Structure formats: C-alpha cells, structure tokens
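Me: I'd like to learn how to read a structure feature by feature. Can you walk me through one, with the general idea before each case?

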Amino acid sequence: MLTSGNSSSHPVSFILLGIPGLENSQFWVAFPFCAMYVVALVGNITLLHVIRTDPTLHEPMYLFLAMLATTDLVLSTSTQPKMLAIFWFHDHEIEYHACLIQLFFIHAFSSVESGLLMAMALDRYVAICFPLHHSSVLTPSVVGKLGAGVMMRGLLWVSPFCFMVSRMRFCPNRIIPQSYCEHMAVLKLVCADTRVNRAYGLFAAFSVVGFDVIAISVSYVMILRTVLQLPSSEARLKAFGTCASHICVILAFYIPALFTFLTHRFGHHVPRVVHIMFAILYLLVPPMLNPIIYGVRTKQIRDRVIQGCYGKDP
C-alpha cells in the first residue's frame with residue numbers, strides 16, 4: 001500500500017530480504033553475526049568505562065577513542081538487532097520512516113567514524129612530530145570542537161539526500177534485497193529521476209572519504225619522515241608502536257567500506273551475496289575489532305600514558 005502526500009508517495013513499509021541466495025542458511029549465519037555484535041557491545045562499553053574511570057587516559061588520543069567507541073555502538077546497534085530479527089524470526093518488514101532513520105544513522109555515523117579516524121591521525125602527527133607542544137595544541141577544548149565538527153559534518157552531509165529520498169515517489173515494488181536500509185538500495189525503488197540524488201550521494205561520499213584519506217595520508221607521511229630521523233632504532237620502534245593500533249583500525253574500516261561503496265555502484269558483476277556479506281561486515285567488523293585492537297594491552301597503554309607515551313622519553 002502507498003501513502004500519498006503533496007509531493008511524494010511512499011509505501012507504508014519495506015521488505016528486507018536479508019541475504020538473497022542464503023535463505024536456508026540465514027538462521028545459522030546469524031549466530032556468528034550475533035557473537036560479533038555482543039563482542040562489539042561489551043568491548044566498546046568496557047572501553048568507555050575504562051577511559052572514563054582512569055585519569056591517566058584523559059588524553060586527546062583516548063578522548064577520540066571514546067568518541068570512536070560511541071560511534072561504533074551507534075553504527076552496530078542501528079542495524080544488527082533488526083538483522084538478527086530477520087534471520088531468526090523472519091521479521092522482514094520495516095516501517096517506512098524506520099527505514100529512513102536507519103539509512104540516516106548508517107551513513108551519518110559512517111561519516112563520523114571516518115572523521116574521527118582522521119582526527120586521530122592528526123593527534124598522532126602532533127604527538128610524534130611536535131611532542132613538546134602536544135598538550136598545548138590538542139587541549140580538551142580543541143578535542144571537543146574537533147569531535148563536534150566531525151559530528152556536524154556527518155549530520156549536514158547526509159541530511160540532504162535523506163530529505164530528497166523522502167520527497168520522491170516510490171514504485172509499487174517495496175522489496176529491498178539487503179539486510180538493512182542503505183541509500184542506493186532504497187533509491188532503486190524510486191519511480192522518478194534519481195540522477196540528482198545519486199550525484200549528491202557520490203559527492204558526499206567522495207568529499208568525506210577523499211578529504212579524510214588525504215589528511216590521514218599526509219599525516220602519516222609527515223610522521224614517517226620524523227620517525228626515520230630519530231637517532232636510535234628503539235626510538236623509531238616506539239614511535240611506530242604508538243601508530244600501529246590506529247593503522248589497523250583505519251584498514252579495518254576503509255577496506256570493506258570502499259569495497260561496499262564501489263561494488264554497489266560499479267560492481268555489477270560481483271555476486272550479490274558477496275556484496276551483501278561485505279556490507280554487513282563493514283558495519284560489524286570495525287565496531288568489533290576497534291576495542292580489541294585498542295584494549296588488548298590495556299595495562300601497557302596505561303603504563304605508556306603514565307610515562308608520557310606521546311613521543312616523549314619516559
């Protein structure tokens with residue numbers, strides 16, 4: 001059924017298929033996804049608790065990490081409960097406005113996560129290249145403003161194409177061959193010219209990811225130059241060690257994200273099941289891995305903070 005308005009006609013709800021091609025296996029596939037989601041929840045909540053309660057971790061790097069953990073909780077929770085309901089209880093229907101809200105949260109907080117990874121790269125750059133000025137440059141006020149700026153960018157960049165989708169007329173077909181509501185998947189159900197919406201989606205994606213990747217790359221080029229000029233191999237290894245966790249998190253986020261983005265728009269010959277699996281993992285693997293990567297050596301992290309880990313000698 002369609003609900004009509006002055007300038008739009010939309011279905012009351014959509015049907016999420018889950019993973020087309022794996023209908024008979026979805027019940028069992030859901031178990032590892034559920035385990036990953038539980039790890040993401042417990043890991044990120046624990047990380048937030050440790051950072052909040054340990055005064056030695058009230059430093060820019062860990063304040064950004066707390067923001068990243070919060071973003072991971074939002075990203076994973078925006079998709080996983082509904083996805084598990086589809087796999088286990090065959091609850092395929094999602095209300096129209098709930099679908100748009102899910103779409104907004106996925107894309108907005110993906111932008112926020114990318115921005116936070118960029119901010120953390122800048123933190124590493126200042127910490128290693130200008131260690132004596134780190135605390136005066138990245139004050140709590142500056143960290144808060146960077147976090148707020150990243151959040152506002154995500155909200156402002158994503159809001160227009162969500163608004164444009166909400167004003168379009170939909171076709172009678174309301175089946176989304178996905179496990180969650182994603183911009184391009186929803187756009188394919190529109191019975192109208194979607195070129196402006198598609199163009200803006202590409203612009204938003206490339207401007208956000210392009211700017212962040214360039215900033216991260218420049219930061220690490222400068223870091224590499226500084227580290228290679230250090231007098232001892234021990235100092236170089238220590239400097240590289242402070243960046244290792246961040247580099248792992250960057251790869252865990254951008255590799256599946258770029259694969260999902262490119263195959264959705266240009267990978268017409270990629271099997272649908274492969275694309276959908278990557279789309280699920282893109283929203284699940286980073287939230288699961290981030291607290292593990294940063295929290296597996298909590299005691300060592302605390303010791304480094306106490307000793308002045310931001311490129312300084314203990």
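**Reading contacts and surfaces**

Reply: Happy to. Let's begin with burial: phenylalanine 14 is buried, and tyrosine 96 is buried too. Keep in mind that this is a predicted model.

Me: How do phenylalanine 14 and tyrosine 96 pair, and what are the distance and angle?

Reply: For ring pairs, look at the distance between centres and the angle between planes, where under 30 degrees counts as stacked and over 60 as edge-to-face, with the rest called tilted. Phenylalanine 14 and tyrosine 96 sit 5.9 Å apart centre to centre with 40° between their planes, so the pair is tilted. Phenylalanine 14 belongs to strand 3 (residues 13-16) and tyrosine 96 to helix 3 (residues 96-129), so their contact ties together parts that are 82 residues apart in sequence.

Me: How many aromatic pairs does a search of the whole structure find?

Reply: The search turns up 16 aromatic pairs. One of the pairs is stacked: phenylalanine 105 with phenylalanine 109, at 5.6 Å centre to centre and 10° between the planes. These two are four residues apart in helix 3, which means about one helical turn separates them.

Me: Let's move to charges. How many salt bridges does the structure hold?

Reply: First the idea: side chains of opposite charge can pair when their charged atoms come close. This structure holds five salt bridges. Among them is the one between aspartate 91 and lysine 82, with N to O at 3.3 Å. Aspartate 91 is partly exposed at 36% relative accessible area, while lysine 82 is buried at 16%.

Me: Which salt bridge links distant parts of the chain?

Reply: Glutamate 93 and arginine 174 form a salt bridge whose closest N and O atoms are 3.8 Å apart. That pair links distant parts of the chain, 81 residues apart: glutamate 93 is in strand 4 (residues 93-95), and arginine 174 is in the loop between helix 5 and strand 5 (175-176). Glutamate 93 is partly exposed at 43%, and arginine 174 is partly exposed at 27%.

Me: What about aspartate 123 and arginine 124?

Reply: Their side chains meet in a salt bridge at 3.0 Å, N to O. Aspartate 123 has 1% relative accessible area, so it is buried, and arginine 124, at 2%, counts as buried as well.

Me: Where does UniProt place the feature "transmembrane region"?

Reply: A record's ranges can be read alongside the model. The unreviewed UniProt entry lists residues 27-50, 62-80, 100-122, 142-166, 202-227, 239-262 and 274-296. Over residues 62-80 the chain is 100% helix, with end C-alpha atoms 26 Å apart. Residues 202-227 are likewise 100% helix, and their end C-alpha atoms are 36 Å apart.

How values were computed:
Residues are numbered from 1 along each chain as its sequence is written. This is a predicted model: local features need pLDDT of at least 70, side-chain atom pairs count only at pLDDT 80 or more; totals for chains, interfaces and linings use all residues. Side-chain values use heavy atoms; hydrogens and water are left out. UniProt positions are given in the numbering used here, feature names are shortened, and annotations may be inferred rather than shown by experiment. Rings of Phe, Tyr and Trp (its six-membered ring) pair if their centres lie within 6.5 Å; planes under 30 degrees apart count as stacked, over 60 as edge-to-face and the rest as tilted. Buried means under 20% relative accessible area, exposed over 50%, partly exposed in between (1.4 Å probe, protein chains only). A salt bridge is a side-chain nitrogen of Lys or Arg within 4 Å of a carboxyl oxygen of Asp or Glu.
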